[in-house]
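User: I'm new to this one and would like a walk through the aromatic rings and a few other features. Could you start with the terms?

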Amino acid sequence: MPAFRQVGEKQLPQEVIFMAWSPKRDLIALANKVGEVLLHRLANFQRLWSLPPSESTGKEVTALAWRPDGKILAFALADTKQVILCDVEKPESLHSFSVDAPITYMHWMEVTEESSVLTSFYNAEDESNLLLPKLPALPKNYSTTAKIFSEEKSDEIMKLMGDVRLNALVLGGNSGFIEIYAYGMYKIATVTGVTGSCLTLCLSSDLKSLSVITKVEVSPESEPEITYFQLDTSLLSTYLPEVTRMARKFTHISTLLQEKNTTTSVQDEFMQLLLWGKASLELQALLMNQLTVKGLKKLGQSMESSYSSIQKLVISHLQSGSEALLYHLSELKGMALWKQKYESLGLDATGIEEAITAVGSFILKANELLQVIDSSMKNFKAFFRWLYVAMLRMSEDHVPPELNKMTQKDITFVADFLTEHFNEAPELYNRKGKYFNVERVGQYLKDEDDDLVSPPNTEGNQWFNFLQNSNHLKESPLLFPYYPQKSLHFVKRRMEGIIDQCLQKPADVVGKSVHEAFCMPLYKASKSEDPTSQLFKLPFLWNDKSSNLHYVLFTMLESSISKIYILRRHTDTSRSADNGLLAVDFGNFLNSSINENSGTSCYSCLDAHFYDDETITVILAENSEQEGKERILAQLPLSSVYTEENRGLEFSWNSAQRLDMQCEDIPTQSVTIEGQWRVLENMKAQYVAVNGIRKVSCVLSSNLRHIRVFEMDVEDDGEAEEEEEEEMVPQASAGEEEPRPSTSNQEESVLAGSAELADETGEQESSLNA
């Protein structure tokens, strides 16, 4: 019986350029040439959701990576230089950040190193709860993450970060661009010293070593060189508990700063009139033609409601967010003062103190806005009440007794309203609304550098005057600076700049500690190669979690015959005994016309990925010149490569010379795969994506549209396969396209059944798991 069971086959309408299996579920993420990201389920290759390209995020996907727990998918966009973290349950962005260069490869790893120190750290209660008052929970509508995490009294940011155990998203791009993001959100290292554009990279699970393979353009005329670098990242490993704690604090802070909109939930037309002095056509018609007594009352109530809405937003979002920032920055300052542990990581108490001061200034400005709102709301309310009574009298209607009385206070409010909003103001002549000002609140929320049109009146404020007349007190570090002439947005941007500078320093310090441990030019790449046709670029890295060995898979063309080269490097560069290089070629194992005794390799490797710690999944093509060459999907056990016979063979490489110039000296192991292979009939297979944990693989044809999905650890049942083929939609030819399926009721029911990833019921789990 043929090995592996085929469980799905599709002709896709768009060319697929990236595939990535979820590490925990039978889900595969695809990215196609038009910039669409799709999530498919193993069973029948059913599409669960698709995220279309957009002008705001980007249209050119260049890399995919799953968080190790499978709950978040990251993808990079070259045209906007953005990285998007997407929820697995629905196609929406949870977090995004910009990078300085287009990303060409990303790898998301989790620290698996275990020690008594780490175990006690992971299990320890956060000491801050013993020393500081508990931080109140953020409001449920503070961020988009609240849409996903509806559990009461939960911290959405904590859930976005995942487990306490550190995980890191490693990004590689053009011109030696490499950055490491803790929890996929906070930049913990900016790596320098690597040349070329990143093809692939892998951070070891003990954080001791970062392996990178780049394409170096030596000159425009010459062919680019593929080069392997092994970098020493032992600083991260040495200070792992400190790095984890610092990263979690910085991730909280950077995520709090992501919330940029303070009025997104207020969609009232009167809000637009109140803030910017512009009304919709419908509201203009009401004001110009239909402003009856009843309409005026409604207008007054709407204005009051709008002010109240802004006030609630400021209190619930700005104040709670600022309080959270101060809380985490204060903890961070305490960590920075523990120089023995945190100074080496670049944590600077002075910079954090400046950030705390900037947050204090923002809180002062937010409180000022609350006072302006409170004052304006009283004046508006009194004015509309007075105008309403006046219109009732003019229309000779009955005036209720409770409205007929006006106290001196009410008269003062009305007078203040008329003075503030309807007096002639020459400084406003060049602005919208020349002769009156309705922007006392809106001016604070405008994203402009101009001074406030109507700054707060500080005359008569005894505390303000006392500070102005006391030079020593005015310059005290205990008092937050106050910017009376500036808007809330200006102070917010200033605060963000100072905090960003504070967050950046550890990334620079950690990045400078990374140094090159080993470098070897591998081979010259062909300039004529079309980069868009390459789904996966060999070399491909794998980290053996049990022994922290790096395996590097790559191919070099020799007379059109492609061998696999396996480079084995230990994360500890001093352990040279574990390092080695071996070539693998594939002998004949099919009953074909090829002469078995020819002594030459019968198959070339088209694509290869590590299935697990002990097995490599390969796509092979016959080397024969006959038409209709078969493509093979096969499993290659490492035990058949690293045998007792070749254990003593050593390759003495010369790092000053390219590896392809030393090929004749590389030990070669010929293997014939037994049992674990399958002919891929009627398919010009070219690429494969695998998941050894879920025991599945996905094969893609050279035209990037024809996909087959296999369960790898079961034999194919011929009868079941025939029944499956009868039920399956007939496959189009290579040039045809299957119409893009619309979201079916079945897909909708699957998505409707999706809920929080944590504590799912069995029924909900079945919506995504095969």
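Analyst: Buried means under 20% relative accessible area, exposed means over 50%, and partly exposed lies in between, with a 1.4 Å probe and protein chains only. This is a predicted model, in which local features need pLDDT of at least 70 and side-chain atom pairs count only at pLDDT 80 or more, while totals for chains, interfaces and linings use all residues. Residues are numbered from 1 along each chain as its sequence is written, and side-chain values use heavy atoms, with hydrogens and water left out.

User: Ok, how many aromatic pairs are there?

Analyst: The count comes to eight aromatic pairs, where rings of Phe, Tyr and Trp (its six-membered ring) pair if their centres lie within 6.5 Å, and planes under 30 degrees apart count as stacked, over 60 as edge-to-face and the rest as tilted. One of them joins Tyr-551 and Phe-610, whose ring centres are 5.5 Å apart with planes at 40°, so this pair is tilted.

User: Where do Tyr-551 and Phe-610 lie?

Analyst: Tyr-551 belongs to strand E19 (residues 549-554) and Phe-610 to strand E24 (residues 603-612), so the pair ties together parts that are 59 residues apart in sequence. Strands (E, at least two residues) and helices (H or I, at least four) are DSSP runs, numbered from the N terminus.

User: Buried or exposed, those two?

Analyst: Tyr-551 counts as buried at 6% relative accessibility, and Phe-610 counts as buried at 4%.

User: And what about Tyr-551 with Tyr-642?

Analyst: Their ring centres are 6.5 Å apart and their planes are at 55°, so that pair is tilted as well. Tyr-642 sits in the loop between strand E26 (631-637) and strand E27 (668-671), 91 residues from Tyr-551, and both Tyr-551 and Tyr-642 are buried. Trp-542, Tyr-551, Phe-610 and Tyr-642 form one aromatic cluster.

User: Switching topic, which charged residue lies over the face of Phe-518?

Analyst: Arg-569 does, at 3.8 Å from the ring centre; a charge sits over a ring if NZ of Lys or CZ of Arg is within 6 Å of the ring centre and within 35 degrees of the ring normal. Lys-486 likewise lies over the face of Phe-490, at 4.7 Å from the ring centre.

User: What about helix H5, how many of its residues are buried?

Analyst: In H5, 16 of the 17 residues are buried, so the helix is largely enclosed by the rest of the structure.

User: And Leu-364, where is that found?

Analyst: Leu-364 is found in helix H10 (residues 349-394), and with a relative accessible area of 32% Leu-364 is partly exposed.
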